[in-house]
Amino acid sequence: MSHPLYEVVTDEGLMRPCFKTRTGGLYSGGSAQMVENSLNIHGDVILYVGDHIYTDVSQSKVHLRWRMALICRELEEEYKALIHSRGPRATVVELINQNEVVGDLFNQLRLALQRRTKGRPAQTLAATNMDDRELIESMQKLLIIMQRLQYNLLLAQLFAQVCFG
């Protein structure tokens, strides 16, 4: 659209109507056509920085083929929360990884016990060196460890949720 062009003439932001631009000037208002004509450039050579997704970014990109940069103030708090929650998120990831390793070991021992009951050999080195009682005791200990890991994981997730949303 065509809007009047103003030149910003003071540090306080005082403006006056302007009909011709000059190099190094600071301007407000105007139109896309004024910008392209005054700079003598067109299309994707221009980088437009805006703060409104529809009027600034979408329309300028679609109709003018300008490159876009969107300033999104709403994401500032999200970004700060993300940065501050790095430690708790790392704790959650570590607990998930530990739980996965312990769960895999438990499943290997369970499979070894099932194979033995069917008269087949265990396929893991650790299970091969254990009798059935030792396998069952090891599985019980692993279950306790998995329960504790899952409890700690739940606490870490709740902490992260309460502190960082």
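**β1 and β2.** I started with the pairing of β1 and β2: three bridges join them, and the two strands run antiparallel. Strands here are DSSP runs of E with at least two residues, helices are runs of H or I with at least four residues, and both are numbered from the N terminus. I count two strands as paired if DSSP finds at least two bridges between them. In this pair, Tyr6 stands opposite Pro17 of β2. I also checked the hairpin of β1 and β2, which has six residues between the strands; Gly13 takes a positive phi near 100° there.

**What I'm looking at.** This is a predicted model, so I note the limits: local features need pLDDT of at least 70, side-chain atom pairs count only at pLDDT 80 or more, and totals for chains, interfaces and linings use all residues. Residues are numbered from 1 along each chain as its sequence is written, and side-chain values use heavy atoms, with hydrogens and water left out.

**β1 and β3.** Next I looked at the other partner of β1 (residues 5-8): three bridges join it to β3, again antiparallel. Leu5 stands opposite Gly29 in β3, and Tyr6 stands opposite Ser28.

**The sheet.** Put together, I get an open sheet of three strands in the order β2-β1-β3, with antiparallel pairing. β2 (15-17) and β3 (27-29) are the edge strands, each pairing on one side only. Neighbouring strands are turned by 35° against each other on average, direction ignored; the axes are lines fitted to C-alpha atoms, for helices over the stretch in contact, and angles run from 0 to 180 degrees between N-to-C directions.

**Faces of β1.** Which residues sit on the covered face of β1? I find Leu5 and Glu7 there, while Tyr6 and Val8 are on the uncovered one. In a regular strand the side chains alternate between the two faces of the sheet.

**α4.** Then I went to helix α4 (residues 86-117), which has 32 residues. Its first and last C-alpha are 47 Å apart, close to the 46 Å expected, taking 1.5 Å times one less than the number of residues. Its buried residues (under 20% relative accessible area; exposed is over 50%, partly exposed in between; 1.4 Å probe, protein chains only) include Val92, Leu95, Phe106, Leu109 and Arg115. Gly119 follows α4 and has a positive phi, near 80°.
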